[in-house]
Amino acid sequence: MEFIKVNPQHEKHIALIELNRPKELNALNRQLMLEIRDALRELDEDDNVRVVILTGGQKVFAAGADIKQMADATAIDMLNIDQFSTWDQIKKTRKPIIAAVSGFALGGGCELAMTCDMIMASETARFGQPEIKIGTMPGAGGTQRLTRAVGKAMAMELVLTGKFISAQEALDAGLINRIVPVELLLDETLKLAREIAKQSPVAIKLAKESVSNAFNSTLDEGLIFERKNFYLTFASQDQKEGMAAFVEKRTPEFKGK
Ligand code: CAA
């Protein structure tokens with residue numbers, strides 16, 4: 001891996017992916033996105049991993065897709081390269097992914113964070129879709145995920161003006177989960193990851209799938225989907241263990257089976 005660092009066992013059951021292109025503010029070139037895709041594929045298949053954290057470190061999350069790499073491309077180049085197809089792996093990953101964002105999360109950087117399942121932010125985090133300022137528009141979900149997260153009014157303003165919002169504005173708008181001091185970003189993200197990692201991996205997978213499906217279905221379809229996943233948890237040893245532990249007043253030991 002040239003542009004990311006991956007630690008499949010940063011701690012028990014928690015993997016860490018760190019973007020590592022500091023001079024270019026972690027601009028997302030195609031190679032970097034291919035590396036994220038490959039890393040996520042492997043982590044998703046690794047039974048020891050239950051939660052993935054994706055971070056850019058304390059200074060910057062990512063300043064967007066690599067403008068220099070696409071500046072001279074034609075529409076047909078873009079069509080043929082189809083760079084956003086590598087992004088689909090993030091969406092396909094069945095284990096929860098938490099973005100830990102500090103500094104700029106702009107354009108593709110904001111889209112990358114939004115493709116994750118939750119966003120933890122430091123006080124210095126800035127979110128925005130500034131593509132309009134370079135004569136284009138978001139292409140990796142910015143007009144869709146942002147609108148679903150913050151509503152039409154704010155999404156329209158961010159996408160049409162390219163302005164940035166602070167961590168507090170992002171929290172108020174419902175884009176992120178919480179704000180923490182910069183130096184505690186990873187620790188606080190790990191705390192959240194641990195809370196998830198100690199639950200049944202089977203139930204986590206099915207629950208994540210159901211919440212994600214809420215954005216792709218009508219309420220009735222979503223409710224049926226949810227109900228079937230709920231029933232499916234009853235095929236797991238983890239559900240038997242979880243309910244037995246409750247009755248016996250002890251902590252459950254989930255095995256992901
Ligand atoms: N692509 C390529 N290089 C980038 C970059 C990007 N998105 N963002 C920053 N860089 C590079 C700069 O060119 C600079 O490199 P050099 O030292 O070689 O000149 C280096 O990173 C440091 O950047 P700045 O000197 O600009 O740092 P700054 O602190 O003055 O400004 C910034 C920071 C406001 C984030 C500014 O860099 C910026 O506006 N970046 C571009 C943001 C943007 O437009 N993102 C959207 C990209 S398009 C996209 O993402 C499409 C999509 O939907 C996927």
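A pocket is an open set of points, on a 1 Å grid over the protein atoms alone, with protein on both sides within 12 Å along at least five of seven lines, and its lining residues have an atom within 4 Å of a point. Grid points are joined across faces, edges and corners, and a volume is the space filled by probe spheres set on the points.

The model is predicted: local features need pLDDT of at least 70 and side-chain atom pairs count only at pLDDT 80 or more, whereas totals for chains, interfaces and linings use all residues. Residues are numbered from 1 along each chain as its sequence is written, and side-chain values use heavy atoms, with hydrogens and water left out.

**View 1. The largest pocket.** The largest pocket has a volume of about 1000 Å³. Among its 33 lining residues, Thr-115, Cys-116, Asp-117, Ser-212 and Phe-215 are the closest to its centre. Because domain 1 (4-197) and domain 2 (201-247) both give residues to the lining, this pocket lies between them; the domain bounds come from an automatic or database domain assignment.

**View 2. Elements lining the largest pocket.** Helices (H or I, at least four residues) and strands (E, at least two) are DSSP runs, numbered from the N terminus. Helix H10 (201-213) is one of the elements that supply at least two residues of the lining, and H10 gives the most, with eight residues. Helix H4 (88-92), strand S6 (118-122) and helix H6 (142-150) are also among these elements. By class, the lining has 16 nonpolar, eight polar and nine charged residues; Ala, Val, Leu, Ile, Met, Phe, Trp, Tyr, Cys and Pro count as nonpolar, Asp, Glu, Lys and Arg as charged, and the others, Gly among them, as polar.

**View 3. The shell around the ligand.**

**View 4. Atom pairs at the ligand.** An oxygen atom of the ligand lies 2.9 Å from a backbone N or O atom of Gly-139. For Glu-131, an N or O atom in the side chain is 2.9 Å from an oxygen atom of the ligand. A backbone N or O atom of Lys-23 lies 3.5 Å from a ligand oxygen atom. The protein buries 63% of the 980 Å² that the ligand exposes when taken alone, with accessible areas from the Shrake-Rupley method and a 1.4 Å probe.

**View 5. The second largest pocket.** The volume of the second largest pocket is about 510 Å³. Its lining comprises 21 residues, of which Ala-65, Met-70, Glu-131, Thr-136 and Met-137 are the closest to its centre. H2 and H5 are the elements that give two or more residues to this lining. The lining residues divide into twelve nonpolar, six polar and three charged.

**View 6. The largest cavity.** A cavity is a set of grid points where a 1.4 Å probe fits but cannot get out. About 30 Å³ of space lies in the largest cavity. Leu-28, Asn-29, Arg-30, Ala-65, Asp-66, Gln-69, Met-70 and Gln-83 line this cavity.

Conventions
Polar contact = N/O pair within 3.5 Å; in protein donor to acceptor, adjacent residues only side chain to side chain.
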